[in-house]
Amino acid sequence: MKNKIYLLLFMLGVTFTVHAQNADIQVTVNDIEAAGEGPLVFMLFASSDGFPSDPAKARQIGEVTSYTSLATFTFSNVPAGKYAVAVFQDKNGNGSVDTNFIGIPKEPVGAFQHSSVGRPNFGKCSFTHDTAISQLNVQLINQ
């Protein structure tokens with residue numbers, strides 16, 4: 001009987017320890033030029049697979065539909081690890097980043113630590129998230 005109690009206490013301790021290692025990631029987009037023209041889609045990636053534009057391959061996804069020139073979204077309860085964040089303004093509401101015939105986005109896009117023309121790279125845009133709340137700023141680029 002004692003062994004069962006110790007096992008139960010151990011399992012509860014492991015559950016609380018694992019949960020305590022998760023924290024939020026808050027992403028703010030400033031200076032949105034086309035405020036309110038379609039939802040802002042926020043994507044959190046744990047690898048380069050799908051980054052920066054495939055919502056289906058994001059670890060978490062969210063959107064903000066009501067905003068002015070500033071919008072904030074929070075990814076909740078994210079385990080510690082290496083991540084990258086990408087955002088796009090879905091002006092036509094089709095759920096994907098529209099591009100021209102050579103792959104350049106037609107809608108405003110952005111990624112954490114990316115402020116130049118060219119496709120964002122997971123390695124350059126990634127950051128290490130730990131047990132504290134991560135606060136990131138993303139700048140949208142209008143092509």
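Buried means a relative accessible area under 20%, exposed means over 50%, and partly exposed lies in between. This is a predicted model.

- Strand β1 covers residues 23-30 and pairs with β8 in the parallel sense, over 6 bridges.
- Two bridge partners can be named here: glutamine 135 in β8 is the partner of glutamine 26, and glutamine 139 in β8 is the partner of asparagine 30.

**The two faces of β8**

- In a regular strand, side chains alternate between the two faces of the sheet.
- The covered face of β8 holds Ser134, Leu136 and Val138.
- The uncovered face of β8 holds Gln135, Asn137 and Gln139.
- Gln135 and Gln139, on the uncovered face, are the bridge partners of glutamine 26 and asparagine 30 respectively.

**Histidine 129**

- The side chain of histidine 129 reaches the backbone oxygen of valine 78 at 3.2 Å.
- Not counting residues up to four places away in sequence, histidine 129 touches Ala23, Asp24, Ile25, Val78, Pro79, Ala80, Gly81, Tyr83 and Ser134.

**Backbone features in loops**

- Most residues other than glycine have a negative phi, and most peptide bonds are trans.
- Aspartate 31, in the loop between β1 and β2, has a positive phi near 55 degrees.
- Aspartate 31 is exposed, because its relative accessible area of 56% is over 50%.
- Glutamine 113 also has a positive phi, near 65 degrees.
- The loop that holds glutamine 113 runs between β6 (109-111) and α2 (122-125).
- The peptide bond from phenylalanine 51 to proline 52 is cis, with omega near 5 degrees.
- Proline 52 sits in the loop between β2 (40-45) and β3 (60-64).

Conventions. Residues are numbered from 1 along each chain as its sequence is written. This is a predicted model: local features need pLDDT of at least 70, side-chain atom pairs count only at pLDDT 80 or more; totals for chains, interfaces and linings use all residues. Side-chain values use heavy atoms; hydrogens and water are left out. Two strands pair if DSSP finds at least two bridges between them. Helices (H or I, at least four residues) and strands (E, at least two) are DSSP runs, numbered from the N terminus. Buried means under 20% relative accessible area, exposed over 50%, partly exposed in between (1.4 Å probe, protein chains only). A polar contact is a pair of N or O atoms within 3.5 Å; within protein, one must be able to donate a hydrogen and the other to accept it, and residues adjacent in sequence count only if both atoms are side-chain atoms. Contact means heavy atoms within 4.5 Å.
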